[in-house]
Amino acid sequence: MSMADTSPQFFATVPMALVEHLPRNVVAVVGVIFAALVVGTALRLASLARTKDAAKARQRTGSLITWWVLFVLMTLVVVLGRTAAILAFAVISGLGLHEFRRLANRRISTAHLGHWAYAAVPIHYLLIYFGDFAAVWTFIPVWVLGILLVQLVVNGETDAFLEITGIMFLGLMLTVYLLSHAVLLFAIPASPQYPAGATGLFVFLILLTESNDIAQALWGRRFGRRQIAPRVSPHKTWEGFLLAAVTTTLLSCLLAPWLTPYASVPDNFLGAVFRVPYAAALVVGPLIAVGGFFGDITISAIKREVGVKDSGDLLPGQGGVLDRIDSLMFTAPLLFYFTFLAFD
């Protein structure tokens, strides 16, 4: 490399080279998220300066750092594209399955199954990478379940047969099969209806899911009175859920023309249902709100049964991986199948 190559102009072109292939709408939205994080960080740091509770300050600082790490991870996936998304979610699925198995072992030992279940993670994501979608739809629900049943029967494991089978199958379905639908968004064919391509759909999914989680917490803390499922998640209230659903729907309508086809009328048979622009966006908002809610309380129910508050401690201030992806495990397949049915 010559001295001319190390000029400031050279370094200035490196970021542009990384993002020039991205739709401008995606770059703009990611930039807005970055700006929001900067403002939120400034407000959080100002609040921490007034906090006298050292433990709470550490927890909030850890949470803030975690949000930045997650933002960087999302940005890398967006910039590097489909392959990076597959690798990232394969790792996340593996970590989520590990946490799930640790929770399950508090209920009933799955140690005798060995670690073969983890092999399902790379195989499933390799099938996605190579585009063998017929195998993707059947690998875990059919073949992995069959292997699990055969292993238990051959080993004569009749004690807690139903519990072990159900627990391990549930873990694989939640942390691998359902979650991987976020990556499957990259497989949706390019179309003029998609203003930001598959990348726009991915950013839309992540942004709405996380925004809905935050909105449910904030609205519930401010206005929550009536609990929805007090035995499962006491902090979930009807007020928080409904106000978050409205917030998420408004955000869906705002982002729809930038990132998705949901501002247009489908050109297939569902066009008769979604006859006016933004009708699909008005459906997607509540879908994300409902999916996020049920994903959250599903993991809450599992944690409550085994007597833990968090699924792990990998993410400072936010618990474990399952605590962060619980909503996404439900919102990803809902958004994927809705988009596939309505616009493909």
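**Close-ups of a predicted model**

View 1. Q59 is found in helix α3 (helices are DSSP runs of H or I with at least four residues, numbered from the N terminus). This is a predicted model, so local features need pLDDT of at least 70 and side-chain atom pairs count only at pLDDT 80 or more, while totals for chains, interfaces and linings use all residues. Residues are numbered from 1 along each chain as its sequence is written, and side-chain values use heavy atoms, with hydrogens and water left out. With a relative accessible area of 40%, Q59 is partly exposed (buried means under 20%, exposed over 50%, and partly exposed in between, using a 1.4 Å probe and protein chains only).

View 2. L80 belongs to helix α3, which covers residues 54–80. Together with V72 and L76, L80 forms a nonpolar patch on the surface, with about 280 Å² of accessible area in total. Patch members have over 30% relative accessible area and no salt bridge; nonpolar side chains (Val, Leu, Ile, Met, Phe, Trp, Tyr) are joined within 5 Å, and like charges within 9 Å. The areas come from the Shrake-Rupley method with a 1.4 Å probe, and for residues only the protein chains shown count as cover. L80 itself is exposed, at a relative accessible area of 57%.

**View 3. Helix α5 and its buried face.** The 14 residues of α5 (residues 116–129) should span 20 Å at 1.5 Å a residue, and the end C-alpha atoms are 21 Å apart, which agrees (the expected span is 1.5 Å times one less than the number of residues). Which residues of α5 are buried? They are A117, A120, V121, H124, Y125, L127 and I128. Seen down the helix axis, these buried residues fall within an arc of 150°, so they line one face of α5 (the arc is that of the directions from the axis to the C-beta atoms). For background, an α-helix has 3.6 residues a turn, so residues three or four places apart point the same way. The buried residues of α5 pack against α4 (82–107), α6 (133–154), α7 (161–178) and α8 (181–184), where contact means heavy atoms within 4.5 Å. Just after α5, look for G131, which takes a positive phi of about 75°.

View 4. E210, D213 and R324 are linked in a network of salt bridges (a side-chain nitrogen of Lys or Arg within 4 Å of a carboxyl oxygen of Asp or Glu). In the E210–R324 pair, the closest N and O atoms are 2.9 Å apart. E210 sits in helix α9 (residues 197–223) and R324 in helix α12 (residues 321–325), so this pair ties together parts that are 114 residues apart in sequence. For D213 and R324, the closest N and O atoms are 3.5 Å apart. That pair also links distant parts of the chain, with D213 in helix α9 and R324 in helix α12, 111 residues apart. D213 counts as buried at 13% relative accessibility, and R324 is buried at 15%.

**View 5. Salt bridge between K309 and D310.** The closest N and O atoms of K309 and D310 are 3.9 Å apart. K309 counts as exposed at 70% relative accessibility, whereas D310 is partly exposed at 33%. The structure holds 7 salt bridges.

Terms used
Helix = DSSP H or I, 4+ residues; strand = E, 2+ residues; numbered from the N terminus.
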